[in-house]
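Colleague: Please put the model up. I'd like to go through it one piece at a time.

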Amino acid sequence: MIIIKKYPNRRLYDTSKSQYINLEYIKSLVMSHQEFKIVDSKTEDDLTKSILLQIITEQETNDQQSVLTNQVLKQLIRFYDTDMQVFLRMYLEQSMANFLDQQEAMQSVMRNIIDKSPIGIFGQMVEKNMDFWRSVANTEGGKSPKE
């Protein structure tokens, strides 16, 4: 678990690498499925959710990359402070997990199709050929032309 400290000057510090970081770095941790926690440097309060929301807010400012439409945001707001809030959270978590599982399955099918296509098979042959020539070059690399 990577611990990131947020200082009063709003700077973020990765304690595992002993360096200051930015939101783009935190986004890369998310994308690479790294576990991390962001804490206030003085109080040790967990700030992870607020920083993740900040990243989402920045992403949502670009209309081409926006996932949350105004309509969806309004509907989410309406669920706060209702009895259905807990159920919505569970539904969203399960729906996202199912969506990611289906996406992974589809990508696997596509990889299999590409690997078994003539272009995929040709690519594998080229790769094996390149590996062979690299191994030949490595074994002969130390020899002089006169040997």
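Modeller: One term to begin with: contact means heavy atoms within 4.5 Å. This is a predicted model, where local features need pLDDT of at least 70 and side-chain atom pairs 80 or more, while totals for chains, interfaces and linings use all residues. Residues are numbered from 1 along each chain as its sequence is written, and side-chain values use heavy atoms, leaving out hydrogens and water.

Colleague: Fine. Which residues does D40 touch, leaving out those up to four places away in sequence?

Modeller: K6, D45 and L47 are the residues that D40 touches under that condition.

Colleague: And where does D40 sit?

Modeller: D40 belongs to strand β4. Strands (E, at least two residues) and helices (H or I, at least four) are DSSP runs, numbered from the N terminus.

Colleague: How far is D40 from M90?

Modeller: Their C-alpha atoms are 28 Å apart, and D40 and M90 are separated by 50 residues along the chain.

Colleague: Back to β4. What is the strand order in its sheet?

Modeller: The order is β3-β2-β1-β4 in an open sheet of four strands, and the pairing is mixed. Two strands pair if DSSP finds at least two bridges between them.

Colleague: Which strands are at the edges?

Modeller: β3 (19-21) and β4 (36-40) are the edge strands, and each of them pairs on one side only.

Colleague: So what does β4 pair with, and how many bridges are there?

Modeller: β4 is joined to β1 (residues 2-6) by five bridges, and these strands run parallel. Within that pairing, I4 stands opposite I38, and K5 has V39 as its bridge partner.

Colleague: What about β1 and β2, parallel or antiparallel?

Modeller: β1 and β2 run antiparallel, with three bridges joining them. I4 turns up again here, standing opposite D14 in β2.

Colleague: How many residues lie between the strands of that hairpin?

Modeller: Five residues lie between β1 and β2, and in this hairpin R10 takes a positive phi near 75 degrees.

Colleague: Which strands does helix α1 lie across?

Modeller: Helix α1 (residues 23-31) lies across β1, β2 (12-14), β3 and β4. Helix α2 (residues 48-60) packs on the sheet as well, touching β1 and β4.

Colleague: New topic. How many salt bridges are there?

Modeller: A salt bridge is a side-chain nitrogen of Lys or Arg within 4 Å of a carboxyl oxygen of Asp or Glu. By this rule there is one salt bridge.

Colleague: Which residues make it?

Modeller: D131 and R134 form the salt bridge, and their closest N and O atoms are 2.9 Å apart.

Colleague: Where in the fold are D131 and R134?

Modeller: Both D131 and R134 lie in helix α5 (residues 118-140), three residues apart, which is about one turn of the helix.

Colleague: How accessible is D131?

Modeller: D131 has 40% relative accessibility, so it counts as partly exposed. R134 has a relative accessible area of 47% and is partly exposed too.

Colleague: Last one. Where is V86?

Modeller: V86 is in helix α4. With a relative accessible area of 43%, V86 is partly exposed.

How values were computed
Axes are lines fitted to C-alpha atoms, for helices over the stretch in contact, and angles run from 0 to 180 degrees between N-to-C directions. Buried means under 20% relative accessible area, exposed over 50%, partly exposed in between (1.4 Å probe, protein chains only).
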